[in-house]
Amino acid sequence: MNKQVEFKNHQREIFHFQLRLVVSIGFVLVLLAILLIRFVYLQAVRHSYYQTLAESNRIFIVPIVPNRGLILDRNGVELARNFSGYTLEIKPNQTADVEATINELSTLIEVTQKDRKRFKKQLAESRNFETLMIRSRLSDEEAARFVAQQYRFPGVEIKARLFRDYPFGEKTAHLIGYIGRINQTDMKLLEDSDLASNYRGSDYIGKTGLEQSYESELHGTTGIEQVEVDAGGRAVRMLSSVAPVSGNTLVLSIDVKLQEIAEQSFGDYRGALVAIDPNNGDVLAFVSKPGYDPNPFIDGIDTQSWDELNNSPDVPLNNRALRGQYPPGSTIKPFMALAGLNFNTRTPEETISDQGVFYLPGSSRQYRDWKVGGHGSVNMFKAITVSCDTYFYGLATELGIDNIFNYLSRFGFGKKTGIDLEGETPGLLPSQEWKMKRYQQIWYPGDTVSVGIGQGYNLVTPLQLAFATATLANNGVAYKPHLVKEVRSLRSSENRFIAKDPIYGLNIDPAHLDLVKRAMVAVTQPGGTAVYASLGTPYHIAGKTGTAQVIAMKQGEKYDADKIDERHRDHAWFIAFAPAEQPKIALVVLVENGGHGGSTAAPIARKVLDYYLLGKVPKPLAVAEVKEAGEHD
Amino acid sequence: MIRRQLWQRLTAHIDRPLMLGIVLLLLTSLLVLYSADNASLSQPLNQVRNIAVALTCMWLVANLPLHYLMRTAVPIYVFGMVLLIAVALFGEISHGARRWLNLGVTTIQPSELMKVGVPLMMAWYFEKNEATLTLKNYFVAALLLLLPVALIARQPDLGTSLLISASGFYVLFLAGLSWRVIGGLFVAGLASAPILWSVLHDYQRHRILMLFDPSQDALGNGYHTIQATIAVGSGGILGKGYLNGTQTHLDFLPERTTDFIFAVYSEEFGLIGNLILLSLYAFVVMRGFIITGNASTYFTRLMAGSITLTFATYTFVNMGMVSGILPVVGVPLPLISYGGTSMLTLLLGFGLLMSIETHKKLVKT
């Protein structure tokens with residue numbers, strides 16, 4: 001019985017399935033019919049219409065590339081500009097023998113070995129059907145010579161183009177970045193974000209720096225030209241066009257004169273300088289030394305020059321201001337002092353007796369002060385002024401890492417500042433949680449001691465430290481640092497300003513601020529660690545020196561700069577703001593392997609401050625002018 | 001004599017009529033590619049390599065007995081789901097879409113695998129529960145389909161998720177999902193269209209709108225549609241002749257060796273050519289339906305039917321897109337467009353069909 005039911009079911013199922021199959025066949029026939037009707041409509045009914053379109057009226061849609069937006073400094077000086085010129089271009093898929101063509105061309109026009117290498121590199125990376133440049137910036141005479149002989153070179157053409165140019169070269173390289181030819185990776189990125197049609201005809205795209213970060217503002221909107229072409233594909237007449245819209249102009253907060261002075265003041269030293277207007281977050285100068293010339297990158301740098309830059313021990317391609325992470329050294333002390341006051345760990349009056357060595361309770365490990373024998377009786381004011389390590393070892397220990405972490409992160413340590421430049425690194429503000437995650441180890445009291453003088457796990461970028469200094473200068477009211485002040489649109493003649501509201505305010509007790517700021521002014525006065533910084537200035541500089549160790553010292557070993565390989569010498573820091581009473585500028589100077597902050601970093605800061613506040617242009621001078629003044633950190 | 005025996009042994013599991021249709025389509029592919037690549041041999045030769053690899057795989061699958069095939073259903077599906085979840089969690093975001101999984105050596109796109117994995121799994125599930133099918137089983141099967149589809153749609157890859165939905169729906173349909181439910185789904189689909197519209201990405205809406213007014217996007221996809229329609233229309237009844245398509249050879253046609261290769265064919269061979277090509281596709285599809293009708297088990301019927309209908313759908317979607325009645329989605333023309341991945345997936349499907357046809361005598365019902 002049971003079996004019979006199943007058997008019947010099976011029969012019925014087969015029948016049902018065959019019914020479904022018939023419906024499926026019907027479905028496919030309907031699809032087929034739709035296509036058939038469409039083909040008959042297009043190819044029989046409307047054939048003559050489409051034939052006219054295809055044969056008598058060949059319309060090419062030609063993209064018109066918009067002019068890239070300019071980049072100006074705050075006073076309108078051009079930092080990135082365009083100029084027009086001729087290029088010689090080859091369509092490899094229309095040229096029988098590319099090598100022979102280039103050889104032939106070189107009899108008419110100078111084609112250097114570098115040009116050939118660059119061309120080969122482009123050929124290897126090129127998209128299909130692309131025209132590749134063999135020579136750029138042809139002189140009028142060269143252009144004329146080629147045009148006369150053009151018939152000999154099928155697939156080679158001369159084009160009028162706009163070239164990008166960075167007049168300040170390596171002085172603004174890390175800031176402005178550069179554009180380069182669109183490669184396959186860029187193309188894929190554009191396609192996936194559905195921007196590919198706006199880049200039809202465009203050859204360049206921002207690769208680094210502001211050129212990259214503001215690509216969407218700078219590129220503009222591609223125009224369209226409908227052109228009628230003859231049977232050979234040559235343009236006969238223009239039918240209609242939609243004009244391209246030029247990219248927007250960026251007006252930076254940078255003062256390029258200040259930037260130049262800062263750059264020159266470094267001399268042969270490597271390092272970084274970031275200057276910020278604490279009242280609004282305008283970045284006034286943004287230097288990373290050494291720089292590099294961005295101009296050769298535009299049309300593809302040749303391999304040899306690239307290797308030189310890339311393998312140089314000076315790492316000129318590294319943006320130190322944005323991405324360099326260094327121990328903050330003693331520049332952390334003013335912030336540490338504020339933390340101590342904030343948590344009532346120390347009162348301003350409390351003094352310690354500094355014998356030059358600090359011990360953790362119950363430990364024999366020595367934490368030495370930079371000054372052998374110590375500074376004697378030290379209160380907070382003096383601790384900042386003379387940069388007393390022992391005082392801050394104790395303060396940090398009493399604060400504990402949790403309080404330090406909480407308080408310092410308010411000043412942006414360990415976090416990206418959010419500046420409008422891609423690739424920022426976050427630095428490192430250590431915490432118990434971080435250490436467990438990173439090393440699977442608990443936090444030891446000894447870890448806190450060295451954090452107190454900025455020599456522990458902590459790392460900062462020059463930009464980050466500049467942001468913290470500006471926030472301190474502005475009494476705890478923080479502005480997000482920004483390089484672009486204003487975006488000017490040609491289309492709407494409307495100017496957009498980058499947000500100028502503070503991002504947050506730290507409620508710092510004015511009495512605490514007053515103490516720390518006065519102590520920082522004293523740093524640049526006789527008795528402080530950076531006395532030369534403010535020698536003879538009509539304004540007051542609040543500052544703090546710092547050194548960041550490159551190699552660790554063994555217990556009981558003495559640091560002797562002369563005995564150490566130059567690249568292992570300490571990095572020198574100087575943070576400052578001025579005028580101390582009403583700050584208009586806050587800055588950070590880092591000199592790699594510069595030794596003491598007071599002797600190498602502070603003089604650079606002084607020149608920048610003198611120019612910005614007094615309009616004083618320094619005479620060309622060597623950085624080592626202020627030699628061994630006997631100051632220490 | 002020995003040679004003949006060897007030949008017979010080798011081709012024992014190759015379905016002759018289906019193979020004939022496939023070979024004719026593949027030859028057409030090479031012919032059109034030569035023209036589309038501006039009379040160059042570079043892409044046709046690469047395509048020969050793609051075809052050789054895919055045919056070998058097809059032969060292997062065709063020789064695989066059916067119970068092996070069934071056994072692969074669950075592992076393939078589970079593996080595919082794991083990969084899809086892995087993609088959702090830590091897939092590489094390649095410019096806004098999370099589709100790829102970086103395995104260190106290579107990056108893979110698990111949604112490709114699911115094109116085969118989903119119908120296979122659903123057919124397996126129905127076979128397991130054949131004796132006692134209730135509405136609940138359809139619901140579970142629909143869930144088996146919707147989970148991967150939702151993950152793929154989230155990536156976002158709307159095109160692939162719709163195509164997988166279609167092949168899964170065919171399994172449900174062939175398994176006998178009641179007409180009332182189908183009707184209900186259809187109405188629900190229409191009703192939810194406005195909601196769907198609101199969750200679409202801007203660029204996806206843009207592509208649909210463009211169908212009504214291609215001139216809106218004259219530098220991008222709209223341009224593709226305009227130029228492809230001109231190519232098809234100007235082909236006329238007899239076509240412009242092989243290697244004589246002006247749209248093709250004056251660089252008007254974009255992506256003419258891949259997604260838009262049908263425009264090249266249509267321009268050069270005209271309406272007559274289109275009729276011949278449609279007949280070829282119809283022949284392959286009909287052979288697929290015959291194999292489906294002959295299939296001996298529930299699993300193989302569902303599998304064969306779904307493969308056949310999916311093949312027909314891909315063909316329709318591509319030709320519809322090129323002739324301007326469907327939006328531009330990245331679907332190649334089956335067996336003709338240039339490309340290794342789609343060639344492999346398609347011929348694997350045909351391998352399955354051949355295995356179903358040639359092993360049926362060995363399976364007892």
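Predicted model: local features only at pLDDT ≥ 70, side-chain atom pairs only at ≥ 80, totals over all residues.
Helix 3 itself runs through residues 42–63 of chain B, and its 22 residues reach 32 Å from the first C-alpha to the last, close to the 32 Å expected at 1.5 Å a residue. The residues of this helix that are buried are Gln47(B), Ile51(B), Ala54(B), Leu55(B), Met58(B), Val61(B) and Ala62(B). Because they cover an arc of only 120° around the axis, they lie on the same side of helix 3 of chain B. On the face turned away from that buried side, helix 3 of chain B carries the exposed residues Ser42(B), Arg49(B) and Ala52(B).

Chain B also meets chain A, with 42 residues of chain B in contact with 40 residues of chain A. On the side of chain B that touches chain A, at least two residues each come from helix 7 (158–174), helix 10 (221–235), helix 11 (246–249), helix 12 (261–294) and helix 13 (298–322) of chain B, and helix 12 of chain B gives the largest share, nine residues.

Turning to chain A, helix 16 (residues 401–410) has Ile401(A), Ile404(A), Phe405(A), Leu408(A) and Arg410(A) buried. These buried residues are covered by elements of chain A that include helix 13 (333–342), helix 15 (389–399), helix 17 (432–439) and helix 18 (445–451). Following helix 16 of chain A is Gly412(A), which has a positive phi, near 90°.

Definitions and conventions
Residues numbered from 1 in each chain as written. Chains lettered and ligands numbered in written order. Helix = DSSP H or I, 4+ residues; strand = E, 2+ residues; numbered from the N terminus. Expected span 1.5 Å × (residues − 1). Buried ≥ 20, exposed ≤ 12 C-beta atoms within 10 Å, placed from the backbone. Arc of directions from axis to C-beta. Contact = placed C-beta atoms within 7 Å.
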